[in-house]
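The points follow the structure shown below.

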Amino acid sequence: MNQPPVSSAAPETTTSGGAVFIAWAFVGIPLLWGVSQTFIKALDLFK
Amino acid sequence: MAEASILDRSRTVAGPGYNRWLIPPAALAIHLAIGQAYAFSVFKKPLGALISGDPAAPAAADWTPTQLGIIFSIAIVLLGLSAAIFGKWLERVGPRKAMMASALCFSGGFFIAALGVHLHNLWIVYFGYGVVGGIGLGIGYISPVSTLIKWFPDRRGVATGMAIMGFGGGAMIASPLSVALMDYFKTNGTGTLGVAATFLTLGVIYLLFMQFGVWTIRVPAEDWVPENYVPNPQHSALITSSNVSADNALKTPQFWLLWVVLLTNVTAGIGVLETASPLIQESFSDAVMGAGRGVTAAAAAGFVGLLSLFNLLGRFFWSSASDKMGRKTTYAIYFGLGIVLYALIPTLGRNIQLALYVGVACVIISMYGGGFATIPAYLSDLFGKYQVGAIHGRLLTAWSTAGVLGPLIVNFLHESRKAEGFTGAAAYQTVFYAMAGLLVVGLLANFAVTAVNAKYNEKGSVEAEPGGH
């Protein structure tokens, strides 16, 4: 959700959807890798 | 007047058009890094065999497991202390400078610890990873909290849940990464079983990774609100539109009630986490299940992994759910359901109900994680957004206390039962009943939480921080 125009000293910026995607990928990929490694380890419980 | 540094709060105010969904990844970059602390145990065996070179046969001069356990304890105690001490500083200087300080301390801790490993000087490791790294943990843990709440006044639980979920996820990344790095450096003959080189590498990786958070984080403009946002659409007496300072919060009974709430929830959860591997192996051993059917060490490691996953998921699920249910109700579920489940565990162990036992433990741990993730939103509801990061920092001393108290209670009760001749699941029976008793205390404390007396509220506008915009 983008913020509505407000009075502020900060210059207007526009954030592209691509930038948001890249930001989430930057943290999401390592997290998913870690979760997958843990999930594989957890499967040992059911062997 | 000197020009503000690029790290100062005033230089991080977002302009119109800035997408608030960039803030959670910035927070996650910090929490995913510092969450490494929970994976420190992967270094214990190699660190305990630096002289002998064989983790299976440590030399007399090698560091003992007890000596090595102190490294993590120092780090967790420093986490709580630094969060409490630096909280107000963080509110003044803003999240970017705090995140940078966290990155420098956390990675610096690795560099100093690498030197300690290289010189085989445990005091340097204590100082590096424990003290310096611990300060990085504390500042990093609270650095994005108040910023997230300001960006997501309509979804406080979701926002803080995402960040604090990262702390749980950080260990999942660090554990296999550290093992892979140690294997690589050991094979390439860097000495110290690859530990010093791994510490150096992790220090560099985390310093760079955390920079993403440092340079992406923004604070919203003073008068910014989300589109279509109506404050307190479901009006509740427990959601204030006023603000209480960190110093005044300490004078309120609500702060100390929540301190007890966090302490009891975390202490009880640690009771399960600390004992997870031996607990399931002893409760469902070959002697109980039949020859060849008992839970093996590998399966127990899988159980620990499963608990980690539920710890992570619980942080997001319960915290998000609290936006709908309300914080007080959510904690009432943690405690009410928790009391029943903790009390049930010994019975499931005695009746050899392995699947149910695992399921119950997973739910318990999801609520343990949820307790961590929901508390910032609970604080924000009661004390407002003004200095919620600093208040949260002071509340984290409950975590440090639980980190010491939990293992002490568990080990004392377990050893006492064993001394009385109990084995298997029966040896843990009093542990779980004691934890259920602790949750009763937490339930009562949560029940006693009411709205903060208006006399503690700040007068007038409090949004402009000294040195701020």
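Is B:Lys97 buried, partly exposed or exposed? With a relative accessibility of 26%, B:Lys97 counts as partly exposed, where buried means under 20% relative accessible area, exposed over 50%, and partly exposed in between (1.4 Å probe, protein chains only).

1. Basis of the note. This is a predicted model, in which local features need pLDDT of at least 70 and side-chain atom pairs count only at pLDDT 80 or more, while totals for chains, interfaces and linings use all residues; side-chain values use heavy atoms, with hydrogens and water left out. Residues are numbered from 1 along each chain as its sequence is written, and chains are lettered from A and ligands numbered from 1 in the order in which they are written.

2. Overall fold. Chain B has 17 helices and zero strands (DSSP runs, H or I of at least four residues for helices and E of at least two for strands, numbered from the N terminus). Its radius of gyration is 23 Å, close to the 23 Å that the globule rule gives for 469 residues, so chain B is as compact as a globular protein of that length; the radius is taken over C-alpha atoms, and the rule is 2.2 Å times the number of residues to the power 0.38. Buried residues account for 58% of the 469 residues.

3. The salt bridge of B:Lys97. The side chain of B:Lys97 forms a salt bridge with that of B:Asp8 (2.9 Å, N to O), the term denoting a side-chain nitrogen of Lys or Arg within 4 Å of a carboxyl oxygen of Asp or Glu. B:Lys97 lies in helix H4 and B:Asp8 in the segment before helix H1 (23–34), so the pair ties together parts of chain B that are 89 residues apart in sequence. B:Asp8 is buried, at 18% relative accessible area.

4. Surroundings of B:Ala98. Helix H4 (residues 95–119) also holds B:Ala98, which is buried at 0% relative accessibility. Leaving aside residues up to four places away in sequence, B:Ala98 touches B:Trp89, B:Leu90, B:Val93, B:Ile139 and B:Ser143 (heavy atoms within 4.5 Å).

5. A salt-bridge network. B:Arg156, B:Asp323, B:Arg327 and B:Asp381 are linked in a network of salt bridges. Within it, B:Arg327 pairs with B:Asp323 at 2.8 Å, N to O, and with B:Asp381 at 2.7 Å between the closest N and O atoms. B:Asp381 lies in helix H14 (residues 354–383) and B:Arg327 in helix H13 (residues 327–350), so this pair ties together parts that are 54 residues apart in sequence.
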